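Here is a short report on the inside of one protein model. It covers aromatic rings, a cavity and a sheet.

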Amino acid sequence: MGLIRLCLTLLALATPASAAKLFLTTEVYPPYNLQAGDGSVQGVYFDQLKIVLEDTGTSYEVAVMPWARAIALATTQAMHCVFATARTPEREELFKWVSPIHVDRNILVARREANINLSSLDEARKYRVGTQRGDYTEALLEKLGFSQVDVGADFAITLHKLKAGRIDLMPMSESTFRALPADTFKEVITLTRQQLGLACNRSVPDALIAKLQARLDRLIADGTQQRIFDRYNLVSP
């Protein structure tokens with residue numbers, strides 16, 4: 001029995017990092033993440049990650065699910081990663097990172113007809129703000145002292161609440177806001193600016209993280225990332 005364990009251990013040590021299979025999770029969040037009719041994932045984030053994963057010979061699966069579940073799996077399950085995750089100080093040591101997939105400004109958005117005009121985040125605290133469960137803005141709003149926070153399952157549900165007037169404000173990326181009807185919604189004030197990346201469970205080998213990061217660095221340096229941004233009319237970092 002001891003010999004069998006030794007052989008298995010030696011086999012594991014001999015297995016290259018690139019042979020390890022990653023399980024990627026994400027949510028539908030236009031224009032960053034889109035799900036085609038056949039269930040496949042595409043968009044600004046995955047278009048980059050697909051290049052990085054395939055060029056490094058990394059085996060992977062990708063699944064779409066509510067954000068809270070996606071980030072919970074990456075936190076607790078071996079070889080799981082979630083994208084694209086805001087790289088906040090609170091999350092820095094929770095994951096191993098491959099970033100930046102994007103650097104974006106997060107803003108508070110209101111219905112245009114609501115006629116909400118703010119000059120500071122202090123003024124925003126008196127309004128009902130909606131966000132997604134597990135999104136970094138949920139913790140951020142709490143940290144900033146927002147007492148009326150409505151938490152939904154996903155982006156689409158929260159946006160529906162905003163449109164229906166059930167909430168007053170909603171945080172979202174600048175690029176996402178620009179894809180919304182200009183006659184329906186308006187930017188009110190900047191909430192934060194953040195870097196986003198692939199957040200992986202601490203079990204993912206350092207060698208694999210380094211290989212993925214090196215490929216992402218080259219993708220940025222040779223202009224491929226910017227070309228992907230341009231393809232989706234994304235606001236550049």
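## Aromatic rings, cavity and sheet

Tyr32 is buried, with a relative accessible area of 1%. This comes from a predicted model. The ring of Tyr32 stacks on that of Tyr45: the centres are 4.7 Å apart and the planes meet at 5°. Planes under 30 degrees apart count as stacked, so this pair qualifies. Tyr32 sits in the loop between strand S1 (21–26) and strand S2 (34–35), while Tyr45 belongs to helix H2 (residues 44–55). The pair therefore ties together parts that are 13 residues apart in sequence. Both partners, Tyr32 and Tyr45, are buried.

The structure holds six aromatic pairs. Another of them joins Tyr29 and Tyr32, and this pair is tilted. Its centres are 5.5 Å apart, with 35° between the planes. Tyr29 is buried too, because its relative accessible area is 13% and the cut-off is under 20%. The two pairs compare as follows.

| Pair | Centre to centre | Angle between planes | Type |
|---|---|---|---|
| Tyr29 and Tyr32 | 5.5 Å | 35° | tilted |
| Tyr32 and Tyr45 | 4.7 Å | 5° | stacked |

Tyr29, Tyr32, Tyr45 and Phe155 make up one aromatic cluster.

The largest cavity holds about 220 Å³ of space. Its lining has 23 residues, and those closest to the centre are Tyr29, Ala84, Asp135, Tyr136 and Leu196.

Which elements give two or more residues to the lining of the largest cavity? They are strands S5 (80–86), S6 (96–111), S7 (129–132), S9 (170–173) and S10 (185–200), together with helix H5 (136–143). S5 gives the largest share, four residues. By type, the lining of the largest cavity divides into 11 nonpolar, eight polar and four charged residues.

Six strands form an open sheet with mixed pairing, in the order S4-S1-S5-S10-S6-S9. Strand S4 (59–64) and S9 are the edge strands, each pairing on one side only. On average, neighbouring strands of this sheet are turned by 30° against each other, direction ignored.

S5 and S10 run antiparallel and are joined by four bridges. Which residue in S10 is the bridge partner of Cys81? It is Cys200.

Methods
Residues are numbered from 1 along each chain as its sequence is written. This is a predicted model: local features need pLDDT of at least 70, side-chain atom pairs count only at pLDDT 80 or more; totals for chains, interfaces and linings use all residues. Side-chain values use heavy atoms; hydrogens and water are left out. On a 1 Å grid over the protein atoms alone, a cavity is a set of points where a 1.4 Å probe fits but cannot get out, and a pocket is an open set with protein on both sides within 12 Å along at least five of seven lines; lining residues have an atom within 4 Å of a point. Grid points are joined across faces, edges and corners, and a volume is the space filled by probe spheres set on the points. Ala, Val, Leu, Ile, Met, Phe, Trp, Tyr, Cys and Pro count as nonpolar, Asp, Glu, Lys and Arg as charged, and the others, Gly among them, as polar. Rings of Phe, Tyr and Trp (its six-membered ring) pair if their centres lie within 6.5 Å; planes under 30 degrees apart count as stacked, over 60 as edge-to-face and the rest as tilted. Buried means under 20% relative accessible area, exposed over 50%, partly exposed in between (1.4 Å probe, protein chains only). Two strands pair if DSSP finds at least two bridges between them. Axes are lines fitted to C-alpha atoms, for helices over the stretch in contact, and angles run from 0 to 180 degrees between N-to-C directions.
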